[in-house]
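Please look through the sequence and the structure shown below before reading on.

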There are 4 protein chains.
Amino acid sequence: MTRPFIVGVMGGGVADDQQQSDAYALGKHIARQGWVLLNGGRDAGVMAASAKGAREEGGLTIGILPDSTAKHAAKHIQIPIVTGMGNARNCINILSSDVVVACPGGMGTLSEIALAAKCQKPIILLKNKMAKSLASFLPAGRLFYADSPLEVIDHIRAYISNLE
Amino acid sequence: MTRPFIVGVMGGGVADDQQQSDAYALGKHIARQGWVLLNGGRDAGVMAASAKGAREEGGLTIGILPDSTAKHAAKHIQIPIVTGMGNARNCINILSSDVVVACPGGMGTLSEIALAAKCQKPIILLKNKMAKSLASFLPAGRLFYADSPLEVIDHIRAYISNLE
Amino acid sequence: MTRPFIVGVMGGGVADDQQQSDAYALGKHIARQGWVLLNGGRDAGVMAASAKGAREEGGLTIGILPDSTAKHAAKHIQIPIVTGMGNARNCINILSSDVVVACPGGMGTLSEIALAAKCQKPIILLKNKMAKSLASFLPAGRLFYADSPLEVIDHIRAYISNLE
Amino acid sequence: MTRPFIVGVMGGGVADDQQQSDAYALGKHIARQGWVLLNGGRDAGVMAASAKGAREEGGLTIGILPDSTAKHAAKHIQIPIVTGMGNARNCINILSSDVVVACPGGMGTLSEIALAAKCQKPIILLKNKMAKSLASFLPAGRLFYADSPLEVIDHIRAYISNLE
């Protein structure tokens with residue numbers, strides 16, 4: 001059995017219209033590729049929007065929730081993983097993703113970028129200015145910049161090709 | 001959207017032929033009902049056997065791994081959730097399951113039965129003698145006994161009917 | 001440097017007068033031996049009583065809290081370790097203890113006994129009837145029974161002597 | 001009872017001579033103030049050096065370890081808290097600290113700065129250039145810069161005075 005490829009989409013619980021629209025489009029593109037979308041599962045911002053996009057294309061959506069119940073999971077998260085561990089679940093987000101996409105976000109997203117770098121996961125920054133200002137500290141070679149959801153997909157496809 | 005029902009199958013990493021055969025049959029029955037199978041994800045005992053059964057019927061299998069990589073996940077786990085948290089992942093197994101089935105197992109399984117009782121999850125004991133000796137301490141009302149995989153399914157169906 | 005010996009005291013958040021009195025006495029005896037007391041840190045039952053006993057004898061008390069703040073720690077916990085991880089912190093209680101004492105308790109305590117057995121920690125059961133009914137399943141050799149706080153101390157002293 | 005004030009010292013497992021010397025001096029100053037030093041507990045870099053400084057002044061040192069045993073704890077960690085949770089323990093470091101000092105470090109330290117900002121903990125950056133480049137994204141008001149260990153102490157004393 002070959003496992004489906006898992007794309008972790010990190011990003012803010014607070015997101016403006018453009019950021020939500022980008023996350024929604026990213027979710028759609030991920031599902032169209034046959035990839036699984038994994039995110040932090042909350043019913044807010046990038047999490048809710050990317051799950052909606054993926055589900056509308058029939059994709060599988062996994063949400064790693066900080067809470068101890070699934071009550072507040074985003075509507076389009078199909079499989080809520082209930083951790084009851086607050087921010088410690090950020091580590092699980094990263095470890096469970098084959099590749100990490102960092103949309104704009106706050107301190108939670110920054111912690112995930114840092115953990116992804118530490119765990120040597122490939123990271124694609126989608127319009128994430130905060131991480132750009134960190135560029136000289138982040139590991140080269142596994143760090144990519146994208147200006148649109150489609151560019152994210154191109155980077156992931158290139159990364160997968162190199163694996164094969 | 002209605003989320004799929006998630007059945008957590010707990011049980012030993014060490015399991016004899018009969019126990020593996022029961023876990024395999026249980027996995028098959030769970031998938032035939034359209035339910036998702038969630039377990040501890042390791043390539044051993046009840047975890048490997050129940051995932052194999054479910055996958056052979058086309059079911060979705062989620063494994064909550066104790067390790068920090070998916071390298072040692074059971075072959076038939078489709079979605080490995082990589083926690084890097086050792087036994088602390090047992091809590092996630094329980095919190096993420098709509099109902100918990102406890103097959104025969106050791107101390108890890110016992111910790112999961114205890115956590116399931118604490119978190120007020122319905123528990124179905126499949127030939128689990130250890131838990132039977134605890135019966136007077138476990139909460140009545142959400143505790144069920146089964147002598148075969150099919151009986152487990154009957155209990156879950158009855159439980160779901162009561163929810164509706 | 002030799003590290004101080006750490007005694008983990010597990011037990012119910014709900015405890016009757018006798019159980020609280022035993023936990024209080026146990027805390028006193030642990031501190032008199034120069035050992036550190038570690039427990040689940042909440043302001044209830046065995047946790048609050050054992051911490052009170054230890055502090056009154058000048059002992060060091062560590063509480064591994066399930067919450068994400070120290071606000072609800074027991075008054076006599078000197079060092080609250082704030083995990084924000086709910087029941088997953090039970091694993092930390094066990095892994096951080098050199099020896100585990102299980103006072104009477106509920107399902108949380110049972111999960112800790114199971115984890116202690118899995119992690120091969122020595123376990124001393126103080127009037128814990130639930131665990132007694134499990135005796136045939138628990139590992140012999142590292143499991144001891146005590147009928148009073150002082151007997152617990154005797155078992156720990158014997159265990160330490162064997163280490164040296 | 002008033003609890004001792006807990007200072008979390010974050011920083012790299014890899015540290016040059018000057019960085020180790022700063023961490024050692026910082027540990028000494030923290031202990032002289034009667035504060036508890038808490039760090040990541042490993043026998044390396046800023047963790048080992050700050051614990052050594054604090055212990056030599058008779059301070060209490062707590063190490064929140066990523067491993068599942070205390071075998072690899074730094075020598076001068078008096079109380080190893082054994083989490084078995086890898087990088088997820090970074091959350092515990094932050095939640096358990098009354099104030100967070102970030103020495104120079106890598107991605108683990110960056111994740112801790114991000115979590116500290118998210119959890120609204122006061123953060124003092126000691127010669128941490130990476131975080132300086134993030135300054136415009138970090139919350140003002142609880143973020144302080146220090147160029148020497150003694151300046152860190154001044155900032156903490158001022159912070160405590162404001163609390164009273």
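## An enclosed space

In this predicted model, the count of cavities of 30 Å³ or more comes to one, and the volume of the largest cavity is about 40 Å³. Its lining is formed by C:Q19, C:D22, C:V46, C:C103, C:P104, C:L126 and C:K127, a set that divides into four nonpolar residues, one polar residue and two charged residues.

## Helix α1 of chain C

Just after the helix, C:G34 has a positive phi of about 85 degrees.

Which residues of α1(C) are buried? They are C:D22, C:A23, C:L26, C:G27, C:K28, C:H29, C:I30 and C:A31. The buried residues of this helix pack against several elements of chain C, including the strands β1 (6-10) and β2 (36-39) and the helices α2 (45-56) and α6 (149-163). C:D22, one of the buried residues of α1(C), is also among those that line the largest cavity.

## A lysine in a loop

C:K71 belongs to the loop that lies between β3 (61-65) and β4 (79-82) of chain C. Is C:K71 buried or exposed? Its relative accessible area is 70%, and because exposed means over 50%, C:K71 counts as exposed. Although C:K71 and C:D43 are 28 residues apart along the chain, their C-alpha atoms are separated by 9.8 Å.

Methods: Residues are numbered from 1 along each chain as its sequence is written. Chains are lettered from A and ligands numbered from 1 in the order in which they are written. This is a predicted model: local features need pLDDT of at least 70, side-chain atom pairs count only at pLDDT 80 or more; totals for chains, interfaces and linings use all residues. Side-chain values use heavy atoms; hydrogens and water are left out. Buried means under 20% relative accessible area, exposed over 50%, partly exposed in between (1.4 Å probe, protein chains only). Helices (H or I, at least four residues) and strands (E, at least two) are DSSP runs, numbered from the N terminus. Contact means heavy atoms within 4.5 Å. On a 1 Å grid over the protein atoms alone, a cavity is a set of points where a 1.4 Å probe fits but cannot get out, and a pocket is an open set with protein on both sides within 12 Å along at least five of seven lines; lining residues have an atom within 4 Å of a point. Grid points are joined across faces, edges and corners, and a volume is the space filled by probe spheres set on the points. Ala, Val, Leu, Ile, Met, Phe, Trp, Tyr, Cys and Pro count as nonpolar, Asp, Glu, Lys and Arg as charged, and the others, Gly among them, as polar.
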